[in-house]
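Colleague: Please show the model, and let us then discuss how its parts are arranged.

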Amino acid sequence: MRRAGLIAGAFLVLLAAGAALFGRQGGPQIPALLPVLTGMVIATELLSSYVLFLEFAYVRARWLAVLACTYGFAAVVALPYLLTFPGVFAPNGLFGAVPHTSLLLWSVWHASFPALMLATVYARRAGGTIAGC
């Protein structure tokens with residue numbers, strides 16, 4: 001097992017070194033790439049949130065609700081990120097976005113998700129269920 005890990009690590013180092021040789025060259029411009037990939041991220045996060053809410057409705061564990069809200073929030077933040085990204089739907093982004101709007105939304109998106117995951121861990125350790133319907 002250790003040998004396989006060392007081989008995989010060596011392969012990744014060689015791959016990174018090979019990529020560094022071409023790092024200064026620009027790649028092909030594919031304008032539809034960001035909308036497609038971000039759209040898939042939004043769809044998978046919404047589906048994950050939906051499935052987790054269904055599980056929460058059955059189990060009634062508070063941490064499942066927090067986890068479902070985490071994925072839902074990530075999907076909600078990803079949409080304005082996509083809409084304000086320059087060059088996707090408008091030359092400067094929609095909603096009067098300034099050049100750093102999409103960067104700020106990306107930062108919020110990627111910083112809030114781990115923070116909310118930590119909240120999920122805390123909620124799971126605290127335990128408890130939500131009584132109701």
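Colleague: Are α2 and α3 roughly parallel or roughly antiparallel to each other?

Modeller: This is a predicted model, in which local features need pLDDT of at least 70, side-chain atom pairs count only at pLDDT 80 or more, and totals for chains, interfaces and linings use all residues. Residues are numbered from 1 along each chain as its sequence is written, and side-chain values use heavy atoms, without hydrogens and water. Helices α2 (residues 33–59) and α3 (residues 62–84) have axes 8 Å apart (lines fitted to C-alpha atoms over the stretch in contact, with angles from 0 to 180 degrees between N-to-C directions; helices are DSSP runs of H or I, at least four residues, numbered from the N terminus). Their angle is about 160 degrees, and angles over 145 degrees count as such, so the pair is roughly antiparallel.

Colleague: Which helix holds Met 40?

Modeller: The helix in question spans residues 33–59. Met 40 therefore falls, by the DSSP runs, in α2.

Colleague: At what angle do α3 and α4 cross?

Modeller: Helix α4 covers residues 101–126, and its axis comes within 9 Å of that of α3. The two helices are therefore roughly antiparallel, crossing at roughly 175 degrees.

How values were computed: Angles under 35 degrees count as roughly parallel, over 145 as roughly antiparallel, 65 to 115 as roughly perpendicular and the rest as oblique.
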